[in-house]
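Work through the exercises below with the structure open. Try each task before reading its solution.

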Amino acid sequence: MDNQPARRITRADVARVAGTSVAVVSYVINKGPRPVAEATRLRVLAAIEQTGYRPNDIARALASGSTQTYGLVVPDISNPFFAMLARALQREAFSHARVLLLGDAGDDRQREYELINHLLNRQVDGLLYTSVDRHPWFELIRSSRTPCVMIDTIDSQAGICAIRVDERDAARQATRHLLQHGYLEIGIFVGPLTMLNAQDRLNGWRDALREAGITPREEWIFEAPYTRQGGFQATQKMVQGPRPRAIFTSNEQQALGCLSALAEHRLHVPDDLAIICFNGTQQSEFSVPPLSAVEQPIDAMARQAIAMLAAGAAQPELHEFAFQLHIRRSCGC
């Protein structure tokens, strides 16, 4: 049996079938630079269809200096927030005639490095990036001179383009909402403290309590992964001792895990424990009960990020977006 791969159809094959030169085939494919008679153009198009020829986009990219692609690296695509973000970015990239290449770091810093390196080696026209932890691979990206936009809370000294919401203030406002219900004993499920956004959300929780004259209780700070399992396990730990009256979870997945664990213990939301979460998606609206949540304007952020890449992202700039607090039954409203 012949296992040799099929020979790639070339422009020379098209030219032979069409009875033209290779140069004429190129003029038809590239719509120039020289005009081609209509009858000849139709003959070339018919030959392309007959032979199954497909242009070599890699060669075309090398010639033009553009691969017509953007790269996106996220910590965990199984997180619905990042899935929604990726979808919005893909839609915007497509509107700019770019294909979006997705890299899922799986919450692994070394894998994140390898993905970024791989995308840079593919000469993507720009990179969109949310870091696994508080040590993004800035030097690697800068050395490639590839335009980059961070979608994250980053060090103000980083000197790189970024878009974000003020996550510290968002956490503060979410916690204040619980306080306005009269809940004085409020805990937090915080993400991995190696991440800047986890620190921002923790500090926002502290800010709100201190503004209300309440000393944050360290035993009610439960560090957990940004996953349902993380929220489930944090809840199991929380119910072992004196528990708070309300909880701010640092993302939606933790909140969903919390709901599951509370149901196992026959505890009701919000009667026994009120909940509000960060980074709500459509899942928050359809949980039982529906979750009150801080939501980011994903579509607007995607438009801005792609626009910055399309403009070259040459000068460091930060675009900050307003968040929204969507209030539902889980907090007692």
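Two strands pair if DSSP finds at least two bridges between them. Strands (E, at least two residues) and helices (H or I, at least four) are DSSP runs, numbered from the N terminus. This is a predicted model: local features need pLDDT of at least 70, side-chain atom pairs count only at pLDDT 80 or more, and totals for chains, interfaces and linings use all residues. Residues are numbered from 1 along each chain as its sequence is written, and side-chain values use heavy atoms, with hydrogens and water left out.

**Exercise 1.** Find the bridge partner of leucine 128 in β4.

Solution. Start with the two strands. β3 and β4 (residues 148-151) run parallel, joined by three bridges. Now read across from leucine 128: its partner is valine 149. Next, follow the chain from β3 to β4: it passes through helix α7 (residues 138-144) in a right-handed β-α-β crossover. Right-handed means that, with the strands pointing away from the viewer, the path from the first strand over the helix to the second runs clockwise.

**Exercise 2.** Sort the β3 residues by direction, and decide: buried or exposed?

Solution. Gly126 and Leu128 point one way; Leu127 and Tyr129 point the other way. All are buried (under 20% relative accessible area; exposed is over 50%, partly exposed in between; 1.4 Å probe, protein chains only).
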